[in-house]
Amino acid sequence: MQIIYGAYTSDRDLILHHSHRINFLTGEENKEMLNAHNTGVMIVGEPFRHTDGLYDFGSADFTKSVMEILPTMSKYRLTPPPKEVYSLHKKVVGTYLICIKLNAKVAARQIFEKTYANWLEDVASRKSKILDDHRDMPA
C-alpha cells in the first residue's frame, strides 16, 4: 500500500524505500533499474494522481509506457518480485486492461484515497490491539 501511496504522492524515495522493505528490490540495483522500477510504479499510480474528476482509462497509454521500461527491467532486475506480489500484479493488470477495453471512466483518485484511509485505520487498530495485549501480559 505504501508503494502505491508513493506513486499517488509522486514520492520516489517512498516508492524505493518500501520496495526494498518488501524485497521487491535488493538494494544492489543500478541507477537504470531503480529508474525503471520507479517509472513502473508511477505508471500504476497514474490514475490515482488524476485530479480532474474521472480517470479515462480509454485514453491512457499504459501499454506503450510499460513497453518502454521492460527491456531495462528485464536486463537489470536482480530478483523476481516477491511471490505474494504476483497474484496482486495479475489482478491490477487485469483490472487496468478491462478498464482500457471498456473505455472506463473511474473516480480512481477518490477510490484510492478512501481505500488508503481505511487501510490506515486498520493499521492503527491492529497496533492498538497489540499494545493492549502487551499491557495485559503479566510482568
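Q: Which residues touch the most other members of the largest nonpolar core?
A: This is a predicted model, and in it Phe48, Tyr55, Phe57 and Phe62 touch the most other members of that 20-residue core.

Q: Which helices each supply at least two residues of this core?
A: Helix 3, helix 4 (62-76), helix 5 (83-101) and helix 6 (108-135) each do. Helix 3 gives the most, with five residues.

Q: OK, and what does Phe48 touch, not counting residues up to four places away in sequence?
A: With those left out, Phe48 touches Ile4, Tyr8, Tyr96, Ala108, Arg109 and Phe112.

Q: What does the second, separate core include?
A: That one has five residues, among them Ile3, Ala7, Ile15 and Val41.

Q: Switching to packing: at what angle do the axes of helix 2 and helix 3 cross?
A: Roughly 105°, with the axes of helix 2 (residues 12-21) and helix 3 (residues 31-49) coming within 10 Å. Helix 2 and helix 3 are therefore roughly perpendicular to each other.

Q: Which residues meet there, helix 2 to helix 3?
A: From helix 2, Arg12, Ile15, Leu16 and Ser19; from helix 3, Leu34, Asn35, His37, Asn38, Val41 and Met42. The contact splits into five nonpolar residues, four polar and one charged.

Q: New topic, Glu46: where is Glu46 found, and what does Glu46 touch?
A: Glu46 sits in helix 3. Skipping residues up to four places away in sequence, Glu46 touches Tyr55 and Phe62. Its relative accessibility is 31%, so Glu46 counts as partly exposed.

Q: How many Å apart in space are Glu46 and Glu121?
A: 24 Å, C-alpha to C-alpha, and 75 residues apart in sequence.

Technical notes
Residues are numbered from 1 along each chain as its sequence is written. This is a predicted model: local features need pLDDT of at least 70, side-chain atom pairs count only at pLDDT 80 or more; totals for chains, interfaces and linings use all residues. Side-chain values use heavy atoms; hydrogens and water are left out. Axes are lines fitted to C-alpha atoms, for helices over the stretch in contact, and angles run from 0 to 180 degrees between N-to-C directions. Helices (H or I, at least four residues) and strands (E, at least two) are DSSP runs, numbered from the N terminus. Angles under 35 degrees count as roughly parallel, over 145 as roughly antiparallel, 65 to 115 as roughly perpendicular and the rest as oblique. Contact means heavy atoms within 4.5 Å. Ala, Val, Leu, Ile, Met, Phe, Trp, Tyr, Cys and Pro count as nonpolar, Asp, Glu, Lys and Arg as charged, and the others, Gly among them, as polar. Buried means under 20% relative accessible area, exposed over 50%, partly exposed in between (1.4 Å probe, protein chains only). A nonpolar core is a set of buried Ala, Val, Leu, Ile, Met, Phe, Trp, Tyr and Cys residues joined through side-chain atoms within 4.5 Å.
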